[in-house]
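Please look over the model below.

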Amino acid sequence: MGKFDHKDLLGIGQLSVEDISLILDTAESLKEISTRDIKKVPALRGKSVVNFFYEPSTRTRISFEMAAKRLSADTVSISASGSSLVKGETLKDTARNLQAMNPDIIVLRHSSSGAPHLLAMEVSAGVINAGDGINEHPTQALLDMFTIRERKGRLHDLDVAIIGDISHSRVARSNILGLTKMGARVTVSGPPTMMPVEIEALGATLVSDPVKALKDKDVIMMLRIQLERQNKTLFPTLREYSSFFGLTMRLVREARGDVIIMHPGPLNRGVEITSEVADSPYSVILDQVTNGVAVRMALLYLLIGGSKGDNAD
Ligand code: CP
C-alpha cells in the first residue's frame with residue numbers, strides 16, 4: 001500500500017493523483033466489509049473519532065459514524081444545538097476543549113468556509129472536512145469519483161456534466177478539482193446568477209444551454225439549489241428553474257446511452273431532477289451513499305491506522 005502523508009483532509013486541492021488513487025483503491029478493498037454478516041474489523045480499535053456537525057446532515061454524518069464503527073473506532077457525535085456553541089463558546093475554544101480529550105480524528109461540518117482549516121491549526125488530532133460553507137466537500141467528491149470509477153472502470157477521458165447551482169455548491173467545487181486532476185473533462189451548466197465568474201479557472205468548461213451541456217456525456221451530476229445559502233432569490237420561480245435546468249428523461253437522452261446520473265442528496269424531486277430520472281436504471285444515487293461508507297472507512301484508516309502498518313482485514 002502507498003503512503004498517505006497527511007494529518008488532515010481539508011480539501012481535494014491538497015491531494016495528488018497518487019493520494020486520490022490510494023484512497024479509492026483502499027476503499028475498494030474495504031467495501032466488502034459492509035457486506036459481511038459481522039460488519040466489523042479491528043483496524044482502528046482504541047482510536048476515537050468525534051463527529052462535530054454544525055449543520056444538518058443525514059448521509060455524511062451517518063456514513064462517518066458507520067465507517068468508524070466498522071473499523072472498531074469509538075465514536076462521539078455532537079451537533080451545534082447540543083454543544084456549548086449555543087452558550088457563546090468560540091470554535092477555537094471548542095477545538096481546545098476537544099483536543100484536551102485527545103481524540104484521533106475530528107470530523108467537522110460547518111456553515112463557514114474555512115472552519116475546518118482553523119480547527120486543524122488548533123488541534124493535533126486529524127481533521128476531516130465534512131463540508132465547509134460553499135468551499136469544499138472533499139469526501140463527497142471522493143465517493144463520487146469512487147462511484148464513477150466503479151461504473152466506468154476509469155476516471156480519465158470521461159465527459160462529466162455538473163448542472164445546477166454551481167456557485168453555492170461545495171460538491172461542485174470539490175468534484176471539479178478532483179475529476180479534472182484525474183483526467184476527466186468537466187462541463188458545468190446553470191443559471192448565470194448561480195455561476196461563479198472564475199469557474200473556468202478551476203478547469204471546467206461553461207456551457208450555458210443545459211441541452212448542449214449534456215450532449216454525449218458519460219456522467220451527469222445534478223445539484224440541489226442551496227436556498228439556505230442564498231440571501232436573495234437568484235431565479236424567478238422554482239417552476240421556471242425546473243423547466244430550464246431540471247433533469248428529465250428527454251434531457252437524459254442527450255447524453256450517451258450508458259450515462260450514469262448522480263446527485264449528492266438531499267434530492268428536491270421535481271425541481272432539479274424528476275422522480276422518473278432519480279429512480280431510473282441510469283441513477284447511481286443510492287450507490288453513492290453505499291460507497292460513501294467505504295470511502296470514509298478508507299480515509300479514517302489512512303489518516304490514523306494505515307501508516308502504523310495495521311492490517312484492515
Ligand atoms: N451529500 C451530503 O452531504 O448529504 P448530507 O447533507 O445529508 O450529509
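This is a predicted model: local features need pLDDT of at least 70, side-chain atom pairs count only at pLDDT 80 or more; totals for chains, interfaces and linings use all residues.

The sections below take the ligand site, then the helix pairs, then the backbone.

## Ligand surroundings

Nine positions need checking around the ligand. Ser57, Thr58, Arg59 and Thr60 surround the ligand together with Arg109, His137, Gln140, Pro264 and Gly265.

In Thr58, a polar backbone atom sits 2.8 Å from an oxygen atom of the ligand. Arg59 places a backbone N or O atom 3.0 Å from an oxygen atom of the ligand. Arg109 uses its side chain: an N or O atom there is 2.8 Å from a ligand oxygen atom.

## Helix α5 against α6

Helix α5 spans residues 138-152, and helix α6 spans residues 170-181. Their axes come within 8 Å and cross at roughly 55 degrees. An angle between 35 and 65 degrees falls in the oblique class, so α5 and α6 are oblique to each other. The crossing of α5 past α6 is right-handed.

On the α5 side, the contact is made by Pro138, Gln140, Ala141, Asp144, Met145 and Ile148. On the α6 side, Val171, Ser174, Asn175, Gly178 and Leu179 take part. By class, this contact of α5 with α6 has 6 nonpolar, 4 polar and 1 charged residues.

## Helix α5 against α11

Helix α5 also packs against helix α11, residues 285-305. The angle is about 115 degrees, and the axes are 8 Å apart. Here too, α5 passes α11 in a right-handed crossing.

From α5, the residues that meet α11 are Thr139, Gln140, Leu142, Leu143, Asp144, Phe146, Thr147, Glu150 and Arg151. Their partners in α11 are Asp287, Gln288, Asn291, Gly292, Val295, Arg296 and Leu299. The contact of α5 with α11 has 5 nonpolar, 6 polar and 5 charged residues.

Gln140 links several parts of this report. It is listed in the contact with α6, in the contact with α11 and among the residues around the ligand.

## Helix α3 against α4

Helix α3 covers residues 91-100, and helix α4 covers residues 115-122. Their axes come within 9 Å and cross at roughly 45 degrees. The two helices, α3 and α4, are therefore oblique to each other. Their crossing is right-handed.

Leu91, Lys92, Ala95 and Arg96 of α3 make the contact with Ala115, Leu118, Leu119 and Glu122 of α4. By class, the contact of α3 with α4 has 5 nonpolar, no polar and 3 charged residues.

## Backbone details

Which residues does a cis peptide bond join? The pair is Gly265 and Pro266, with omega at about -5 degrees. Pro266 is placed in the loop between β9 (260-262) and α10 (275-278). Gly265 is also one of the residues surrounding the ligand.

Asp157 is not a glycine, yet its phi is positive, at about 65 degrees. Asp157 lies in the loop between α5 and β5 (159-163).

Notes
Residues are numbered from 1 along each chain as its sequence is written. Side-chain values use heavy atoms; hydrogens and water are left out. Axes are lines fitted to C-alpha atoms, for helices over the stretch in contact, and angles run from 0 to 180 degrees between N-to-C directions. Helices (H or I, at least four residues) and strands (E, at least two) are DSSP runs, numbered from the N terminus. Angles under 35 degrees count as roughly parallel, over 145 as roughly antiparallel, 65 to 115 as roughly perpendicular and the rest as oblique. A crossing is left-handed if the near helix is turned anticlockwise from the far one by less than a right angle, and right-handed if clockwise. Contact means heavy atoms within 4.5 Å. Ala, Val, Leu, Ile, Met, Phe, Trp, Tyr, Cys and Pro count as nonpolar, Asp, Glu, Lys and Arg as charged, and the others, Gly among them, as polar. A residue is near a molecule or strand if one of its heavy atoms lies within 4 Å of it. A polar contact is a pair of N or O atoms within 3.5 Å; within protein, one must be able to donate a hydrogen and the other to accept it, and residues adjacent in sequence count only if both atoms are side-chain atoms.
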